[in-house]
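Please keep the sequence and the structure at hand while reading.

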Amino acid sequence: MKAKRNLLLVIVSFLLVFSLAASPIAAQDTTTLRWSIEGITDVVSLDPARATDAQGFTVIGLLHAGLVRLNGALEVEPDLAESWVISDDGLTYTFTLREGAAFSDGSPVTAEDVVWSFTHALDPATGAWTGPYLLSNIAGSDELVAGETTELSGVTAVDERTVQITVKQPSAYFLSQLTFGPSKVVSSAAVTANPDTWDQAAVTSGAFSVQTWNRGQGLVLVPNPNYWQPASQISTLDIVFNQDSETAFQLFRTGELDIVGGAQNPLPAARVPEVRDTPDFVSTNALNVRYVAFNNLLPPFDNVLVRQALAHATDRETLANVVLDGTVTATDRIIPPGMPGSEAPVEGLAFDPALAQSLLAEAGIDPATFEVTLSYGVEGDNERIVTVLQAMWQDNLGISVTLDPLELSTFSSRLNDTYNDPANGLQAYYSVWGTIYPDPQYFLSQILQTDVGNNNGHYSNAEFDALTQEADVIPDDLARRIELYNQAEQIAVTEVGWLTLFNGQVNVLVRDCVEGVEVTGLFSAYVVPDYTALRGCPAS
Amino acid sequence: MSRTPPNTGIVRLHTPSDIAPAAPIGLFRRLLRSRLSVISLLVFALIVLLAAFGPVVYTQSATRPDYAAINAIPSAEHILGTDNLGRDTLARLLSGLRVSLIVALYVETLNILLGATLGLLAGYYGGILDVLVTRVADILFAFPGLLLAILVTAIFGSSVTEQFGGIGRLMLVAGSLSLVSWPLMARLVRSQVLVLREQEFVTAARSLGATHQRMILRHIIPNVGGIIIVASTLDVASVVVNEAVLSLLGLGIQPPDPSIGKMITDAIPYLETNAWQVFFPSAALMLIVLTVSFLGDGLREASDPQAR
Amino acid sequence: MLRLILRRFISLPFVILSVTFLTFIVSYLAPGDPILALMGNQRDPEIYARLRTLYGLDLPWYQQYGEYLGGLLQGDLGLSFRFAQRPVIELIQGGLPVSFGLGLTALSLSVLIGIPLGLVAALYHNTPAERLIMALILALYAIPSFVLIPILQWINYQVYLATGWSLPAAGWGRPEHWVMPVVVLSAASLGYIARVTRSSVREVLEQDFIRTARAKGLPERRVRWTHMFRNAALPILTVIGPAIAFLVTGAFVVESLFSIPGIGFLSVQAIQQRDYPVIQGTTVILALSVVLMNLVTDLLYSVVDPRVRLEG
């Protein structure tokens, strides 16, 4: 009996603690915005050159401005530069900085700061990869990255307000590349004063600056009064880190957050049905594609018939609409809807088990002896999807499929092996590709040109290479570029360079009363086109 | 060391027959005296039978998706409903039970062989052996076992999977984890032995010239049996759960094969829309833990030399 | 007793050396590499090779380990790979108090509730009260935390819907943030402690000296407190020591699902990212706390039972 009393005591005290600790939600008004960022415990760095995570770039977009930025329709528009001129050969860009542009500490943004920022992003001492990767078209970048020089010859300050950038090749997407992370302008004085810790301080060039950075928890941002646009109406912007998307959802539904979800970590699929019809739910096409790649140097995947057989045996509609309940969109091409180039049609390989079987027979393969090992990194919904693929291929072709789950870091190192040593690499793998600037080049040239760094499956087609290489360097004629890319894409789709499955949706929750936030399909989902229009929710 | 005998020190000397390990038949008969033990034994036997013969009798596929019945509630067609790919939950539960039971048995065997033995020897003999065992245990306790599991799966994972299938792979990983989980068992047993070593009947037996072998077999082992049984029966739950956590990282059972823990983690996102899928495997886990634990208690009492 | 403490401290460097060496060699051999983890999907072989050189990852393992040890001697745990140039010591300093605070609160709670429950269960052996306690404790113990958490969150949401008031679903910084994580963390260790207490006490109760004491007609209370509890205390103490290490590492689900800036999650993430300096840093800290806790429990042994002789 004593035991029962003890237990009762325990329960009563728990309830007591529960009721004492319960608290009213902090009062809100239109000047406060609480914004969750999922999938991380902390941002890697607030230095635009050093950040590596999509989530960090979302925050950096709020803090640091570049010469140019993207608007809600993903078009390039002026930011710190009020105008620019591109030379006729497409090799020289001359930017004029806004008069009166200043950092949050009041010091002016000069052409020297711009030059310094680009140099910082490419400097090997910074130890970053995004700069060398995205800014490799700038003349002199290779020498700087290799440590042969400390100056970036391609970026010069003509005068206090004029910056000139020289590129190696004409490129239609160079300006788009300048909207992203490593091209943001930082204060050379602030960085050189504290090279390793300056990002913790508040000197920024964008609409907000850092008030406090609670390590492992979040950031409190306040408006930067010196930004060239009038200061934001939002007086406190709370950035909250949540490792788990479900946790963020819980906080949203108990009224503690205003914005939840992102392109990398959308709302949990299991939660979509219950919020789908609420005014807070926002959904847009993500500019990414999920795919299966085959090791084209390992028989029998070197045979195009085999790859086509697997593609025809895949019922993408069932996968996207039934298994994933319409939270994604089935696709049979590479370029996602919403990207320039997606308006030109491509003929995909339709679901057709009979055709699939005959293709396999034509390739001279006996299904009974054909064994495929499908590898994938264990994360999110991946396992459900490969399990469905396994069942589809086994049922429709009569082959046997083994699933090979890999811990994430092991998966990326196995991809690396597959690139360097294809004979001992993976047979087939399931993965995702998303973009950070909206140009077809990022979806075709970067992944399927012969031997480019991300072509882990070693797909190779001379005609594809020629078409994409030609399109990459056309500076302005978008229609012509799209025509070329479209021909290239058709080749890659017909030959199954990638077996694409579906495009993700950016499913997020933005409280209906929040104003001024656009949800896009980019790598870092959100765009705030005009900071002066940003509003939080009124007190309830 | 202080050798003051406790003030209650009337020492009753044990004759060897007094505390000889119980004969198996007598043990079983004594076990059956407790109603709780009998019930636990029956339920546990039923679980084992289900795991062994269930998949033979119930022929629905545990791995075949049914796109028309995703996350279905229990019905005539799917007695326990289906999971998030429309796979039959009862079929998955039956083969999952088999996987989880085998893994639990295997890990606990390793744990007892390694941890209990080392702990016993360290506690009994003391000296350099004790120093060595406790220091190594300290080191391994802090060692991140996850790393070891990653390494082991990467090196041996594919060849073992090829030869022994999903369970083989799981046992490989679980075995590597036992390497870093035995220290707790060792410390528990060691501390119990430290107490026993100073108990009157042990000191008395020693003064009567009993050999070490005899001391350990007759006096120490029967008296640490209880703590070993309790610790390992409790551990069964964590083994089943840890296996699920390992699969979250791609180190556990190979999909599409089920295990109890995996079924729970797969179903958790749908807790509020289809609680059945969390309930059934969790109930199975709880039933295993409860019966194994009560059975362990029963065994301990039945084998206890003084409680006859 | 002083000698025991002294000897333990002498063995400390050996423990740390072995821990760092084992951790280093296993993370070095495990597939995956920090630069690839950093670069995600985008992979440029040239940039990759350059970064490896920059981070010293192209050096042979003994040189990498040597440099790490050199830094360690000066109290420098190195720089994190993932969190660009941040000192590991700073990352750990931030998370350690949080995890330990949470762990110790949960531990105290489970000791304060678990030991009495175990005692009651042992003393009222074979009664319905005992069975009820044991069944409840075992059920609580068998529910994995990743099941318990969503259930609590659901209850919390229902409370919110009904009253407009609720506990914070996640986060850190205010006292009410502690409630749910502590409840979840205690649930499991409470069961474990209660169970071990019960069986240790049962074990002692069946020993001869208790029977003898009873036969001698000593008052039951004295039998229980002076003989039984003192002898049962040892195995119970043993559970408490490692339980702390368990709470720090085992906090990983709880820290992740409640967005708590602790060290448990930091270390798991570092393992997944192959962030060697952070893996080593957290392991060293954990090893230190385990050694320290074991020393404390060993000292308590000899306080509880002076006859127990300890080496080492």
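The sections below describe chain A and then chain C.

## Chain A: overall build

The model is predicted. Chain A contains 18 helices and 19 strands. Its radius of gyration is 25 Å, close to the 24 Å that the globule rule gives for 540 residues, so chain A is as compact as a globular protein of that length. Taken along the principal axes, the box filled by the C-alpha atoms of chain A is roughly 90 × 70 × 40 Å.

## Chain A: burial and contacts

Of the 540 residues in chain A, 55% are buried. Contacts in chain A can also be sorted by separation along the sequence: among those between residues at least 6 apart, 69% join residues at least 24 apart.

## Chain C: two domains

The domain assignment divides chain C into domain 1, residues 2-88, and domain 2, residues 89-311. Taken over C-alpha atoms, the centres of domain 1 and domain 2 of chain C are separated by 31 Å.

## Chain C: where the domains meet

In chain C, 26 residues of domain 1 are in contact with 20 residues of domain 2. On the domain 1 side, the elements that give two or more residues are α1 (2-29) and α2 (34-39) of chain C. The largest share of that side comes from α1(C), with 11 residues.

By class, the side of domain 1 of chain C that touches domain 2 has 16 nonpolar, 6 polar and 4 charged residues.

Key:
Residues are numbered from 1 along each chain as its sequence is written. Chains are lettered from A and ligands numbered from 1 in the order in which they are written. This is a predicted model: local features need pLDDT of at least 70, side-chain atom pairs count only at pLDDT 80 or more; totals for chains, interfaces and linings use all residues. Helices (H or I, at least four residues) and strands (E, at least two) are DSSP runs, numbered from the N terminus. The radius of gyration is taken over C-alpha atoms; the globule rule is 2.2 Å times the number of residues to the power 0.38. A residue is buried if 20 or more other C-beta atoms lie within 10 Å of its own, exposed if 12 or fewer, and partly exposed in between; C-beta atoms are placed from the backbone. Two residues are in contact if their C-beta atoms, placed from the backbone, lie within 7 Å. Domain bounds come from an automatic or database domain assignment. Ala, Val, Leu, Ile, Met, Phe, Trp, Tyr, Cys and Pro count as nonpolar, Asp, Glu, Lys and Arg as charged, and the others, Gly among them, as polar.
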